[in-house]
Amino acid sequence: MKSDFSFSIMCGSMLTHSVECEAYRSPAPRAMTRCECAGVSFQEIAARMEADRASLDEVCRRTQCGNTCTACLPDLARFVAARQK
Ligand code: FES
């Protein structure tokens, strides 16, 4: 997304500095790749699911992935769904 804007800065000396910005870009959201609370990567979750023929819920229960703050759960669900395609 590209948008133009400008803003002015008033300094103590009453000088005004005008700053022209060509583009303002908010950082793209980054997907999580691991459960930080449990210290386990999504790769490891997927590997355990395959090796143990276990469901995501079962592996999460065993590893404690997603059981604390739950911030990782949306990205974990996307990660697992992408691997099953
Ligand atoms: S990051 Fe997974 S439960 Fe907090």
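Predicted model: local features only at pLDDT ≥ 70, side-chain atom pairs only at ≥ 80, totals over all residues.
Residues are numbered from 1 along each chain as its sequence is written.

Let me begin with the overall layout. The protein chain has three helices and four strands, where helices (H or I, at least four residues) and strands (E, at least two) are DSSP runs numbered from the N terminus. Read from the N terminus on, the order of the elements is β-β-β-β-α-α-α. Of the 85 residues, 14% count as buried, and by that word I mean that 20 or more other C-beta atoms lie within 10 Å of the residue's own, whereas 12 or fewer make a residue exposed and anything in between partly exposed, with the C-beta atoms placed from the backbone. As for contacts, which are pairs of residues whose C-beta atoms, placed from the backbone, lie within 7 Å, 35% of those between residues at least 6 apart in sequence join residues at least 24 apart.

I turn now to the helix pairs. In general, two packed helices are described by the angle between their axes and the distance between the axes. Here the axes are lines fitted to C-alpha atoms, for helices over the stretch in contact, and the angles run from 0 to 180 degrees between N-to-C directions.

The pair to start with is helix α1, residues 42-52, and helix α2, residues 56-63, whose axes come within 9 Å and cross at roughly 120 degrees. The crossing of α1 past α2 is right-handed, a term used when the near helix is turned clockwise from the far one by less than a right angle, anticlockwise being left-handed. On the α1 side the residues are Ile45, Arg48 and Met49, and they meet Leu56, Val59 and Thr63 of α2. Sorted by class, that contact has four nonpolar, one polar and one charged residues, with Ala, Val, Leu, Ile, Met, Phe, Trp, Tyr, Cys and Pro taken as nonpolar, Asp, Glu, Lys and Arg as charged, and the others, Gly among them, as polar.

Which residues of α2 are buried? They are Leu56, Val59 and Cys60, and because they fall within an arc of 100 degrees when seen down the axis of α2, they line one face of the helix; the arc is that of the directions from the helix axis to the C-beta atoms. What covers these buried residues includes α1 and α3.

Leaving out residues up to four places away in sequence, valine 59 touches Ile45, Arg48, Met49 and Ala54, and its C-alpha atom is separated by 6.5 Å from that of methionine 49, which is 10 residues away along the chain.

The next pair is α1 and α3, whose axes come within 10 Å and cross at roughly 50 degrees. The two helices are therefore oblique to each other, since angles under 35 degrees count as roughly parallel, over 145 as roughly antiparallel, 65 to 115 as roughly perpendicular and the rest as oblique. This crossing, too, is right-handed, and the contact is made by Phe42, Ile45 and Ala46 of α1 with Leu76, Phe79, Val80 and Arg83 of α3. By class, it has six nonpolar, no polar and one charged residues.

Leucine 76 counts as buried, with 24 C-beta neighbours inside 10 Å, and beyond four places in sequence it touches Phe42, Ile45, Cys65 and Gly66. Valine 80 counts as partly exposed, with 16 such neighbours, and, again leaving aside neighbours within four places in sequence, it is in contact with Ala46 and Leu56.

Finally, a word on the loops. Arginine 53, in the loop between α1 and α2, has a phi near 50 degrees, a positive value in a residue other than glycine, and arginine 53 is exposed, with 8 other C-beta atoms within 10 Å. Threonine 70, in the loop between α2 and α3, has a positive phi of about 70 degrees although it is not a glycine, and threonine 70 is exposed with 11 other C-beta atoms within 10 Å.

How values were computed. Contact = placed C-beta atoms within 7 Å.
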